[in-house]
Amino acid sequence: MEQVIVNSLILGMNYALIALGLTLIFAIMNVLNFAHGQMYVLGGFITYYALQVLHLPFVVGLVASVVVLVLVGLLSERLLFRRAIRVSTREESTMLLAAGLALLLESLILLFFGEKQRGMPPIISGVYQVFGVYIPAGRAFVFAIALASLIGFVTFMQFTRPGRALRAIAQDKEVTALQGVNINRYGALGFGLGAGLTGLAGSLLATIFAVNSGLGTAVSIKAFIMVMLGGAGVVSGAIAGAFVLGFLESFGYAYMPGSVTYMLIFAGMIIFLVFRPQGIMGKPWG
Amino acid sequence: MALLTVENLEKRFGGLIAVNDVSFEVESGEIFTIIGPNGAGKSTLFKLITSFTRPTSGRVIFEGENITRLPAHVVARKGVVRTFQETTIFKEMTVVENVIVAHHLRSRASSLGFFFNSPLARRDEQEFRESADSIIEILGLETVRNEQARNLPHGYLRELGIAIAMAAEPKALLLDEPFSGMNPEETDRVVDMVRGIRDRGITILLVEHDMRAVMRISDRILVLNFGSMVALGTPSEIQTDKAVIEAYLGREDDELGI
Amino acid sequence: MKLLVNTFRLFLVGFVLLAFGVTTSQAANKVLKIGHIGVMSGPAASWGLINKYAALAGAEIINEDGGFEIGGEKYDIEIVSLDTKQDPRVAIAGAERLVYQEGIKYIIGPNVDDTTRAVLPVFEKAGAFNICYGWHRELFTSPSKNTALGMIAGYQSAPVIYKYLKEQRGVKSLACVPRNDASGLNSRDSCVAAADQLGIKITSSDSTYEPNTSDFFPIMGRIIGQNPDLIVLSGVAPADAPLLIRAARELGYKGLMSTETAMDANIITEIAGEMANGYISVGGASAPELRTDEMKRFIERYSKVAGEWNDEAGTKVYALEMLLQTLRVAGAAAIDDIEIFKAAMPKVNAEDPFIKGGKARLKWVGQGYFDQLRQVSTPMVITEFKDTDFVTLFIGYVE
Amino acid sequence: MSSVAKGTRRGVGAPNRAVSIRIVLGVFLIVYLIVLPSYFAESRYILRVITTASVLSFISLGVWLTFTIGRINIGQGAFALIGGYATAILSTKFGVSFWVCLPLSGLIAGLTGIIFGLGILRLKGVYFAMITLSLTEAVRLGFLSGGDFTGGAPGISNIPLPDELGLFGITLIPDFGKVDTHIAFYYLAAVLLILGLAVIWRISSSRLGWIFKSLQQDEELSRSVGINVARYRVMAYAICCFYGGIGGAFFTVSQQSIYPSVFGVLDSLFFILYCFLGGLAFVAGPIVGAFLLFILFELLHEFQQYQQLIYSLLMISIMLWLPNGLLSLRLPAAFWRSRNIRD
């Protein structure tokens, strides 16, 4: 039981890291990024490449993942989404464009990094044992970095000028634009930042989960669940959703047959959202 | 017997009281206006009467029938139809298409009838088209008849909103701020239009900010503040009511139109 | 390295696209087309790609040596490979493209139970023969006649492995952790049956996990709570195995672990490292000390084609070889008529060119399991993982 | 543009347009029903590709209808799966004839759609999209854990081909096992698609279509003029699910097997892409999209490992440069668009 609780906490923290980027892009650009999972996978592969092929230290891999993904985010915002948002009035167009981007990224990843599962040994090896609960050092390390990034991100959003501008845009784009904030520039920043966070998640989690080129869709779907559960476009909601999913998954797998767990999670989510569409933390929508 | 009776209507959002114990009666053929400062609960009251929101307690009685908890489209069927505060129209249709679609309540054919284009459905269509043309004519929309609603000049949007509501053959028409954002000439035009509608036997309920127009057009006025009734009476009674002036204290005089 | 190679290739293909020119090989020999169909994009891409690379590598070696001789004539081998996206509709269209459009009679793949089931009626109807990597018995037993199993199925290796582990390592209880797909559940069932027969206690067999699970802690936590002597990873994808192993070890599990399928040493080393020591799996001709020169050449070529060697291909090397050897025995007429091919199947019996020792034969087996010879005689090389590679425990054969 | 000019043009152009529509339709039908099947009678692969694309179009037509009520529906895969399993279970476990199974599968999917729709159609936009995406997964996992009834992960196989359908001793449809199955399935798919298109076309150009369109643009306003919003949106959704169920039943018999991953999230997403790339403003949009994308993927086989890459690049290009779909390219602008209310 204690083990399950600890597992859910660790898993929830990992998931929170995954959900942040998605919710940020959604909040700022109103784009539901179907390519989220593929961005995550790309982040993981870059770290893998730096560590296992080029034999560089982990920090370098981590930074490389974040930098490359920020660039990918900026590029796709500039080349794809900005145009799509401009020329199309339909809200589904960006979502489907992101789905196209997902296919594109997935095939590029497959071409460049191959079909094999890739992973690396834990950054810190060993297992701690606290009150009969096993905590692998690698996971504890990822937990700590994830927590630090989370705090860093929230601090950035709360206390810096660009962070406040982003939050303002998330709340009301038009009003913020009227106040002289350059929406385009901040849209790009939001996209880059969201993608970068996703890269960070991919890089960190690759050290405990490994990556393969086809993992993307599954990651996206999980991220969608968390964001919807917590409340779309709300940072605190994404974190809440991630921990809820972490708990549900850990407890479900611990006490029920595998496929039933996720079926119940999906069914539960549908029912929950029918009665509370704004999720746990979201503002009432309309 | 009054056409519309509101009895002890109350609406709470969490701890907030939006509408608090409001009661009044509207006679057939009246122009009845609800005024009050921003956030006084005017729009909520409108939504309650047309069943777009459910009240916490109280009743709405129309033609002797309790319509409080009926679905909004059934309330519309009974003859209580509202317009919207914003420029809510079917943007991707032309003006005439907007009005034709809004004739829904008058159709006698079933969904299957529409599908198979039964004689009844064809007759419906013919009637709707004729009726739409006459509504368009009454509201002076002929020149923009085939314009996409999305491209309409701003001045026509409110008329179109009213035309849509008229298509539903209301007995009581609830107009949500029909004069807001208009210059005096435009206001005059809409005032005449509203009177014209009333003269066709349709009872009018208004929610409005523009005091000047309200004082001119209304038969009776209800003043709300913080969800509660402050006063109810003819325009001249309201203009001299102490409580009303209190409620509007600190506001620009011209807003009250005195 | 692979990154660079592929970047280069991508540019190359760009040029080819621009020029719209297709280079054709100037073959003096006749061309024998062999089809390959499998999933080569999306989550399961690796399964189809390994088959494709193995077939391509095999074909390249043959063509380099001047072709394959059937009935006194030399043939160059051309592999026509199609992606199924793991979508039955795309798979069926692809299968019909191979058999009707390309006129191909011999096909390698598909590699999963699902799509195999979908394309089987196509092959049956068109009179085409395929070697697939789905496991289900139904696929290989009558009335299905045109499909052969290309590897060792879990229900074949499971009893052998458990018997060995019971006798040599004193295993008294085991837990199955099946992947929740057709292959995983199927091999779970055979695991349970085999364990029952040997009198090994089963502590758990219903803790399935979804394909694409990333965190195995919850699953493993439940399994380890029951403390079995052996954890069997039923139908485990090579990608998931090291993660499962790592999760088990990190949760303090000290016992044995095994699977019935082929694994890739490189992936295991990368992810699980020494935690995987003692992990028992079934390989083909891949264990280093068993490789013949022929096999070494194949491995070299495969690495060139795929960018990197994959131990799983040690069982996949046999498919093309078996098809060609049987065609040689049956004669050139069989190229267009699989009935002649099938009639010749019992006659095939050659030395296994990929594995040392001379004991292994290249022939069609499976009589005992399917009542007909519908299985490639892949050797059942039971291996144990040690540091960075597999060490052979023993070799078994299916009859 | 002045309304007068517009009115005149429409008045004069109407009879011509009606004639040209009939001619173009006639040519299409002749090519689709006679030329293609006889020209490719020997080429089963090509027949199969057209057949598959036809039924994918059919399923997407349903999704298109949910677009007209302003919903992004990523749940169609679930209903194709429900229809598919309905046919599989009815025909293998209860020996029901395919010709009964087919409409029944559609009805079962449609009824399930009504039950789900009553709840989930209250949501809009991204929320509806996500909830239907979850629905696809939930239904797939449901069939996966259905035990013996659904056959679990391997699903159900050996599903019989459609048998003979006769009336008073006259054979209306021959036993598929006794004729060229490719031609038989081709015509079954063609008939489904033509009927399906006719129905959707009729719906979208009748008053129903206008009601749906009004829901798409403003549900509150529709409600205010007395339209029973909940009823009509459930109606549109149920029709959509019915199409999904029929399509699923078709694929189940044509591949003679079904398993839970036959239709998944990606398939649901592709149904939307078909509509979108074809053009959401056009009834024929999903058909053009499905044919183009499915055939495109087949054509790109030559590029081997670059197939998916080129495919996705082409898809993105269409979205960027033709944001209103491929049909926005084509010549007679008024042709495919759901008909305007006549003056």
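**View 1. Chain D as a whole, with its 13 helices and 4 strands.** In this predicted model, the C-alpha trace of chain D spans about 65 × 55 × 50 Å along its principal axes. A compact globule of 343 residues would have a radius of gyration near 20 Å, and the 21 Å found for chain D therefore agrees with that expectation. Of the 343 residues in chain D, 57% are buried, and among the contacts in this chain with a separation of 6 or more, 76% are between residues 24 or more positions apart.

**View 2. The side of chain D that touches chain A.** Here 37 residues of chain D are in contact with 37 residues of chain A. On the chain D side, the elements that give two or more residues are α4 (98-120), α5 (125-144), α10 (265-278) and α12 (307-321) of chain D. The element that gives the most is α5(D), with 14 residues. Sorted by class, the residues on this side of chain D divide into 27 nonpolar, 8 polar and 2 charged.

**View 3. Chain A as a whole, with its 11 helices and 2 strands.** Read from the N terminus on, the elements of chain A follow the order α-α-α-α-β-β-α-α-α-α-α-α-α. The C-alpha trace of chain A spans about 55 × 50 × 35 Å along its principal axes, and its radius of gyration of 19 Å agrees with a compact globule, because a globule with 286 residues would have a value near 19 Å. Of the 286 residues of chain A, 62% count as buried, and 75% of the contacts between residues at least 6 apart in sequence join residues at least 24 apart.

**View 4. The crossing of helices α1 and α9 in chain A.** The axes of α1 (residues 2-29) and α9 (residues 216-230) of chain A come within 9 Å and cross at roughly 75°, and α1(A) and α9(A) are therefore roughly perpendicular to each other. From α1(A), the residues Y15(A), I18(A), A19(A), L22(A), T23(A) and F26(A) meet V219(A), K222(A), A223(A), M226(A) and V227(A) in α9(A). The residues of this contact divide into 9 nonpolar, 1 polar and 1 charged.

**View 5. The side of chain C that touches chain A.** This contact takes 40 residues from chain C and 37 residues from chain A. The elements of chain C that give two or more residues to the side touching chain A are α1 (2-19), α2 (45-64), α7 (217-225), α8 (241-250) and α9 (265-271), and the most come from α7(C), which gives 5 residues. By class, this side of chain C has 17 nonpolar, 14 polar and 9 charged residues.

**View 6. Helix α5 of chain C and the elements around it.** In α5 (residues 154-169) of chain C, the buried residues are G154(C), Q156(C), S157(C), A158(C), I161(C), Y162(C) and L165(C). The buried residues of α5(C) pack against the helices α6 (182-198) and α14 (367-370) of chain C, and also against the strands β9 (230-232), β10 (256-258), β11 (280-283) and β16 (380-386) of chain C. Just after α5(C), G170(C) takes a positive phi of about 65°.

View 7. Chain B and chain C do not touch either, with their nearest C-alpha atoms 33 Å apart.

Conventions
Residues numbered from 1 in each chain as written. Chains lettered and ligands numbered in written order. Predicted model: local features only at pLDDT ≥ 70, side-chain atom pairs only at ≥ 80, totals over all residues. Contact = placed C-beta atoms within 7 Å. Nonpolar A, V, L, I, M, F, W, Y, C, P; charged D, E, K, R; others polar. Buried ≥ 20, exposed ≤ 12 C-beta atoms within 10 Å, placed from the backbone. Rg over C-alpha atoms; globule rule 2.2 N^0.38 Å. Axes fitted to C-alpha atoms, helices over the stretch in contact; angles between N-to-C directions. Parallel < 35°, antiparallel > 145°, perpendicular 65-115°, else oblique.
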